[in-house]
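Work through the exercises below with the model in view. Try each task before you read its solution.

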Amino acid sequence: MDGVVYDGVHFIDIPLEGKEFSRCEFRSCDFSQAILSGSEFSDCAFTECNFSNTVFAGCRFLDPTFTGCKLAGLSFYKLDQLVFGFVARECIIINCNFSDIKSKKSVMSKCVVKDSDFADADFQAADFTHTEFSGCVFHNVDLRKADFYGASGYEIHPQTNDVRRAVFSMPHAIGLLCGLDIKIKD
């Protein structure tokens with residue numbers, strides 16, 4: 001499919017395995033529990049879509065844009081690609097696994113990210129501006145030159161993550177001190 005606009009489509013009952021979508025637009029679509037195995041989405045835009053427990057095994061996303069979407073219970077590490085660049089703005093991201101992916105220069109701006117795993121991932125020069133983190137795991141993550149300006153709620157240990165030349169802002173930069181066994185007094 002090339003350049004097609006999908007509006008309000010519920011994809012749970014529509015077989016998508018092995019389908020290719022290029023420059024398509026998906027608006028208010030529901031991909032909950034849909035199986036995207038073997039599918040490819042190239043330069044597609046997703047606006048206010050629901051991706052709850054969607055199966056990504058063997059799927060490819062090439063430069064997708066997610067705006068105002070719900071991304072819940074997703075295993076991005078099961079995508080059929082080593083490098084996954086994406087743009088997510090104003091999305092709710094819950095219980096997602098980004099471990100082991102290379103996502104340099106990706107955007108996750110003005111999002112709410114809860115209980116998600118970024119272990120062993122590469123997010124060099126990523127844009128996390130104004131994103132609210134809660135209960136997320138950052139371990140052995142390459143965050144060089146990443147921008148966390150205005151972001152909050154993160155707990156990033158500089159001893160176990162590469163944060164060289166990353167940007168943080170006060171007062172939320174206090175999240176870099178967690179795990180140091182120190183006391184901070186007012």
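**Exercise 1.** Which strands form the open sheet of five strands, and in what order?

Solution. The order is β6-β9-β11-β13-β14, with parallel pairing. Now find the edges. β6 (50–52) and β14 (132–134) each have a single partner strand, so one side of each is left without a neighbour in the sheet. Next, the twist: from one strand to the next it averages 5°. Strands here are DSSP runs of E, at least two residues, numbered from the N terminus. Two of them pair if DSSP finds at least two bridges between them.

The model is predicted: local features need pLDDT of at least 70, side-chain atom pairs need 80 or more, and totals for chains, interfaces and linings use all residues. Residues are numbered from 1 along each chain, and side-chain values use heavy atoms, without hydrogens and water.

**Exercise 2.** Find the bridge partner of lysine 114.

Solution. Start with strand β13 (residues 112–114), which pairs with β14 in the parallel sense over three bridges. The partner of lysine 114 is serine 134 in β14.

**Exercise 3.** Classify two ring pairs that share phenylalanine 41.

Solution. Rings of Phe, Tyr and Trp (its six-membered ring) pair with centres within 6.5 Å; planes under 30 degrees apart are stacked, over 60 edge-to-face, the rest tilted. The rings of phenylalanine 26 and phenylalanine 41 have centres 5.9 Å apart and planes at 65°, so they are edge-to-face. For phenylalanine 41 and phenylalanine 61, the centres are 5.1 Å apart and the planes at 15°, so this pair is stacked. Phenylalanine 41 lies in strand β4 and phenylalanine 61 in strand β7 (residues 60–62), 20 residues apart.

Notes
Helices (H or I, at least four residues) and strands (E, at least two) are DSSP runs, numbered from the N terminus. Axes are lines fitted to C-alpha atoms, for helices over the stretch in contact, and angles run from 0 to 180 degrees between N-to-C directions.
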